[in-house]
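I opened the model today to look up how its inside is packed. My notes follow.

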Amino acid sequence: MIEIRNISKTFYQKKQSFKALDQVSLNIEKGDIVGIIGFSGAGKSTLIRTVNLLERPDEGQIIINGKDFTQLSSKQLAEERKKIGMIFQHFNLLSSRTVFDNVALPLELDRLSKEQIHKKVYELLKIVGLEDKANDYPKSLSGGQKQRVAIARALANDPHLLLCDEATSALDPVTTQSILQLLRDINQRLGITILLITHEMEVIKTVCNHVAVIDHGKLLAKGTLSEIISNRENPVIRQFINSDIMILPQELTRRIQKEPQDGLFPLVELELNANISVEEILSTLHHQYNIPCKLLKAEVEYFGNSNFGKLLLQLQGKTEENQQAIYYFNQNKIQNTVKGYA
Ligand SMILES: Nc1ncnc2c1ncn2[C@@H]1O[C@H](COP(=O)(O)OP(=O)(O)OP(=O)(O)O)[C@@H](O)[C@H]1O
């Protein structure tokens with residue numbers, strides 16, 4: 001439905017050039033929620049802005065519902081853009097207009113009658129849960145409420161696609177979750193495709209079913225959430241997914257030894273992957289190998305049927321038994337690190 005095909009964009013400033021996008025291609029299916037993640041300066045904003053041609057690419061095509069946007073006249077483009085809503089990190093509301101008038105703006109530009117506008121604006125405010133704020137001005141709203149108004153305005157022309165440019169980056173974690181929940185509702189109830197950019201993995205995990213990773217203007221990887229999360233080879237992806245260092249419980253930190261000693265057992269940190277579940281690992285150690293072990297800490301997340309995260313296990317078998325456990329981890333590509341002995 002949306003095809004970003006070999007897009008490149010170079011910026012020129014004072015005789016210097018900078019390639020912000022380099023041959024980026026990405027397909028987005030109708031009804032998807034696709035997240036593009038990357039570090040600051042990776043090219044995310046430039047990429048999302050090329051989709052509705054706010055930024056015109058130097059090369060490549062943007063094909064939406066069979067139309068190549070780069071080939072449209074400005075009049076045709078203006079028509080097509082009405083069907084693409086956009087929201088921004090800093091909401092971009094007009095401070096001199098009430099909530100009602102902000103949401104009404106695209107409808108006024110479309111020359112709808114007063115009655116039609118009134119009906120539509122209240123429908124939209126109901127969707128975003130702000131009917132009681134119609135007469136308030138943006139300055140009296142919280143960040144989350146401002147973003148809701150911006151979402152209502154973006155939905156005014158019944159778009160088939162919503163572009164979200166770091167829409168939750170200025171919000172606290174609780175408000176972020178409520179805005180993401182609203183985006184998911186809109187996607188499910190209204191069938192609107194959503195393309196969002198973010199530098200936060202939490203945002204991706206909360207709402208996206210497909211992910212693309214961008215770095216230095218190039219698309220590094222794309223796929224389902226679990227495909228991307230299982231991609232342990234790429235160092236950039238690893239940084240996003242695996243940024244959490246597992247902190248040992250305090251009481252253990254005090255008595256942990258670096259070298260093996262009689263009477264001490266190894267503490268092993270395991271990195272889970274999509275191929276094997278926590279339950280299977282523990283059950284194999286207990287029942288198949290008969291190795292006593294203690295689960296000291298677990299940070300596990302589930303995506304579909306796959307689990308990811310880390311475990312801290314103390315292997316309490318004899319030396320050979322514990323080695324057998326390590327062999328089992330290696331055989332199953334479960335990354336394991338002996339953190340010490342206790
Ligand atoms: N209009 C412009 N003129 C010159 N350089 C630009 C312009 N827009 C973007 N750039 C440069 O292109 C690169 C990519 O910028 P972009 O805003 O797309 O990155 P980003 O991944 O969205 O970063 P952030 O998360 O910090 O917003 C940056 O190095 C930026 O300085």
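I started with Ile151. Leaving aside neighbours within four places in sequence, I found Ile151 in contact with Ile87, Val128, Ile179, Leu182, Leu183 and Ile186. Contact here means heavy atoms within 4.5 Å.

A note on the source: this is a predicted model, so I kept in mind that local features need pLDDT of at least 70, that side-chain atom pairs count only at pLDDT 80 or more, and that totals for chains, interfaces and linings use all residues. Residues are numbered from 1 along each chain as its sequence is written, and side-chain values use heavy atoms, with hydrogens and water left out.

Next I looked up the cores. A nonpolar core is a set of buried Ala, Val, Leu, Ile, Met, Phe, Trp, Tyr and Cys residues joined through side-chain atoms within 4.5 Å. Buried means under 20% relative accessible area, exposed over 50%, partly exposed in between (1.4 Å probe, protein chains only). The largest nonpolar core has 53 residues. Ile151 is among those with the most contacts inside it, and so are Ile87, Val121, Leu125, Cys164, Leu183 and Leu196. Another core lies apart from it and has 27 residues, including Ile36, Leu47, Val51 and Met86.

Then I turned to the helices. Helices (H or I, at least four residues) and strands (E, at least two) are DSSP runs, numbered from the N terminus. Axes are lines fitted to C-alpha atoms, for helices over the stretch in contact, and angles run from 0 to 180 degrees between N-to-C directions.

How do H3 and H5 pack, and at what angle? H3 and helix H5 (residues 143-154) meet at about 30°, with their axes 8 Å apart. That makes H3 roughly parallel to H5. Angles under 35 degrees count as roughly parallel, over 145 as roughly antiparallel, 65 to 115 as roughly perpendicular and the rest as oblique. On the H3 side I noted Val99, Asn102, Val103 and Pro106; on the H5 side, Val149, Ala152 and Arg153.

Helix H3 (residues 99-109) packs on helix H4 (residues 114-127) at about 120°, with axes 9 Å apart. H3 and H4 are therefore oblique to each other. From H3, the contact includes Phe100 and Leu107; from H4, it includes Val121 and Leu125.

Last, I listed the buried residues of H3: Val99, Phe100, Asn102, Val103, Ala104, Pro106 and Leu107. What covers them includes H4 and H5. Just after H3, Arg111 takes a positive phi of about 60°.
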